[in-house]
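Hi everyone, thanks for coming. Could you bring up the sequence and the model on the screen, please?

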Amino acid sequence: MSTTILAAGASAADNFGFMNAMKQGGPVTWTTAAILTIFLFFTLYILFTKLFEQQKIINQGRRVRATFWNANSLREGAAKLEKNSAYKQIVDDGIEAQEQHSRLTDPVEAHDWLHGSLSRSEAAINSQLGGGLAFLATVGATAPFVGLFGTVLGIYRALIGIGQAGQASIDKVAGPVGESLIMTAFGLVVAVPAVLAFNFLQRRNKAIAEHLSAFSTDVLGYLASNGAVRPAAPGKKAPTATAPKPATTTAGQAGGVQTRV
């Protein structure tokens, strides 16, 4: 008896399994599954490559905040940064913009010229960080519908088969319809990681952009003041300006002339 039950269960599993659904689905089901598999592969690829790229810039930022402003000049500090560092790119672009300003024939405010150059440098870095996120958003929005497309065609094909057979019993309906729903589940399996990856990477990009913007502002202040304005190095207090002594009036002087003590 138990042998008969196990054999029936194995037969049912063979009839209603995933591979059986793929075989019965035909070219449409295989094409839909292939598209979703490609979506999933590139979603995971973008996720891990962007995580590596973001972590690299985050580590660069930590080293910049720890050692960069201890250098005597921007050139000296930039020379100590990694060759392909995002922070080095901002410093190099700022120095180059300062050198280019003296060669301009049309007078432009130095602050505006430097600010525009540093802003372009930031935008280029942020654009590179955002590469691939549009694909994740597209996958998250379209993968469920791609899976639903496979499901609709699968149900349509199942109903046609049932109509041709002339039988609508539960065993004739449950198998084909249940198998066609696999594509919907597959679409959700692809879409959910894509949406989560997009939101996670986007949030990290915003944090990186904030640090890059702050560093760019510090570089602009250094260039605009010829090195007089710079952030305090770690472990050192920023110089504080001495407040001027208040003016006092010497008693007995005609007209109350103010004199400094």
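Let me start with a question: which element gives the largest share of the lining of the largest pocket? The answer is α2, with five residues. Please keep in mind throughout that this is a predicted model.

Let's stay with that pocket for a moment. Its volume is about 210 Å³. Around the largest pocket you will find F52, E53, K56, I57, Q60, N84, S85, A86, Q89, I125, Q128 and L129. The elements that contribute two or more residues to this lining are α2, which covers 18-67, together with α4 and α5. If you like to think in classes, the lining of the largest pocket has five nonpolar, five polar and two charged residues.

Now to the helices, and to the pair α4 and α5. Helix α4 spans residues 86-101 and helix α5 spans residues 110-129. Their axes come within 9 Å and cross at roughly 150°. With angles over 145 degrees counted as roughly antiparallel, α4 and α5 are therefore roughly antiparallel to each other. The crossing of α4 and α5 is right-handed. On the α4 side, the contact is made by A86, Q89, I90, D93, G94, A97, Q98, Q100 and H101. From α5 come A110, W113, L114, S117, L118, S121, E122, A124 and I125. By class, the contact of α4 with α5 has nine nonpolar, seven polar and two charged residues.

Next, bring in helix α8, residues 182-224. How do α5 and α8 cross, and at roughly what angle? Their axes come within 10 Å and cross at roughly 160°, and that makes α5 roughly antiparallel to α8. This crossing of α5 and α8 is right-handed. In α5, the residues are H111, L114, H115, L118, E122, I125, N126 and L129. They meet N205, I208, A209, L212, S213, S216, V219, L220 and L223 in α8. The contact of α5 with α8 has 10 nonpolar, six polar and one charged residues.

The crossing of α4 and α8 is right-handed. The contact is made by A86, Y87, I90, V91, G94, I95 and Q98 of α4, with H211, L212, F215, S216, V219 and L223 from α8. How many charged residues does the contact of α4 with α8 have? None: the residues divide into nine nonpolar, four polar and no charged.

A search of the whole structure finds one cavity of 30 Å³ or more, and the largest cavity has a volume of about 30 Å³. Its lining consists of F68, W69, A71, S73, L74, G77, Y222 and R230. Sorted by class, the lining of the largest cavity divides into five nonpolar, two polar and one charged.

Definitions and conventions. Residues numbered from 1 in each chain as written. Predicted model: local features only at pLDDT ≥ 70, side-chain atom pairs only at ≥ 80, totals over all residues. Heavy atoms only, no water. Axes fitted to C-alpha atoms, helices over the stretch in contact; angles between N-to-C directions. Helix = DSSP H or I, 4+ residues; strand = E, 2+ residues; numbered from the N terminus. Parallel < 35°, antiparallel > 145°, perpendicular 65-115°, else oblique. Left-handed = near helix turned anticlockwise from the far one by under 90°. Contact = heavy atoms within 4.5 Å. Nonpolar A, V, L, I, M, F, W, Y, C, P; charged D, E, K, R; others polar. 1 Å grid on protein atoms, 1.4 Å probe; cavity = no way out; pocket = protein on both sides within 12 Å on 5 of 7 lines; lining within 4 Å. Points joined across faces, edges and corners; volume = space filled by probe spheres on them.
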